[in-house]
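Subject: Structure handover

Hello,

Here is the structure for your files. Please look it over before reading on; my notes follow below.

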Amino acid sequence: MNIPFNKPHLTGKELHYVAEAHARGQLAGDGYFTKRCSQWLEQRSVAAKALLTHSCTAALEMAAILADIQPGDEVIMPSYTFVSTANAFVLRGGVPVFVDIRADTLNIDETLIEAAITPRSRAIVPVHYAGVACEMDSIMDISRRHQLVVIEDAAQGVMASYKGRPLGTIGHLGCYSFHETKNIISGEGGALLINDATLAERAEIIREKGTNRSQFFRGQVDKYTWVDIGSSYLPGEIIAAFLWAQMQEAEDITGNRLAIWEQYHAGLAGIEAEGRLRRPIVPPDCQHNAHMYYLLMRDLDDRMAFIDTMKQQGIHCVFHYTPLHSAPQGRIGGRASGTLPVTSSLADRLVRLPLWVGLGDMQKTIIDQALNTLREPARMSLT
Ligand SMILES: Cc1ncc(COP(=O)(O)O)c(C=O)c1O
């Protein structure tokens, strides 16, 4: 038996649209399929503008330029996140200030943000872990009172919402990922949602190598030229064509994943009641997208024993982030606000179970095997 942790899902239309992109005669970016994808994002999310990018990393880098991060500016974020959340700002000379996470959602603890603010603070980057929203009302309130830009790292948050508002559309800027490990995919891929309309024109320029090329193609200027800093953040039409096939099936994909998530949640309720682990908690204001099903074990030894035993049975479960405040680059270039005890504890205890469209009957095997592993002391030394 071999059950991978992730298996990229195809809707069946991807290659057809890729062939169509070629037939249309444009393979560089901002063609027919890029426009379809951007419109889909703008309609679904009511963002002022949505721009496809190569990755969520690229979208975060654009956001850091748009937020005008200068050397020494501080950017408040969780330590329990992917490295790109911090790197995008460090590349501009920014200093990540790491705040602890909430024990329930593993998202930035909004009650600790104000203590991390200094005169150098410039932005807050909430990360919606596992597609479950951060407490955005409080975060937006803090940002208004302290004039901070909010950049949502919604890499995992496509099709999820907070109080009915799609993730990525609540802050000034939002960043999505379409990496193959996400719900809606194009191999590598991402998008920047520009919710503050005053940033839209500059965002287009930054994405087009610092030129006003987009305005030229719309006939707004008679030639295009270098007007700002920027880079090549624009994906080609092959990526966009693939992504369009996925976007058309986004509701079905999300529904399918949610059914798998619910099945894990029901199947593992009993073992949680026995005190062996903790299942994910989704606050009532959050509609998640079943990006991930994770378990919190009692300690690091339990977690490693669980992963090893499941692997011996051909089931690939994985842990997640190493906290950035304790990583070598995080210690040099960032600073922790306080001691981050929740981050350190949960990062050691978290394990993710396989969750992909097409898992089918294999899910029952995974749940049965997880229960056996956790209940049989011979298999796993639980104190
Ligand atoms: C929270 C978070 N931010 C950013 C990224 C980077 O996304 P991408 O691979 O599209 O650059 C990831 C990737 O897993 C992520 O989990």
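Helices here are DSSP runs of H or I with at least four residues, numbered from the N terminus. Axes are lines fitted to C-alpha atoms, for helices over the stretch in contact, and angles run from 0 to 180 degrees between N-to-C directions.

The model is predicted: local features need pLDDT of at least 70, side-chain atom pairs count only at pLDDT 80 or more, and totals for chains, interfaces and linings use all residues. Residues are numbered from 1 along each chain as its sequence is written, and side-chain values use heavy atoms, with hydrogens and water left out.

First helix pair. H10 (residues 250-267) packs against H15 (residues 362-375) at about 25°, axes 10 Å apart. H10 is therefore roughly parallel to H15 (angles under 35 degrees count as such). The crossing is right-handed, meaning that the near helix is turned clockwise from the far one by less than a right angle. On H10, Ile260, Gln263, Tyr264 and Gly267 make the contact; on H15, Gln363, Ile366, Ile367 and Leu371 do (contact: heavy atoms within 4.5 Å).

H3 (residues 56-66) and H4 (residues 83-90) pack at about 35°, with axes 8 Å apart. This crossing is right-handed too. Thr57, Leu60, Glu61 and Ala64 of H3 meet Ser84, Thr85, Ala88 and Phe89 of H4.

Ligand. It has 15 residues around it (a heavy atom within 4 Å). The closest are Cys56, Thr57, Asp153, Ser177 and Lys182. Polar contacts are pairs of N or O atoms within 3.5 Å. The Asp153 side chain places an N or O atom 2.7 Å from a ligand nitrogen. Tyr321 has a polar side-chain atom 2.9 Å from a ligand oxygen. For Gln156, the side-chain N or O atom is 3.1 Å from a ligand oxygen.

Best regards

Definitions and conventions. Helix = DSSP H or I, 4+ residues; strand = E, 2+ residues; numbered from the N terminus. Parallel < 35°, antiparallel > 145°, perpendicular 65-115°, else oblique. Polar contact = N/O pair within 3.5 Å; in protein donor to acceptor, adjacent residues only side chain to side chain.
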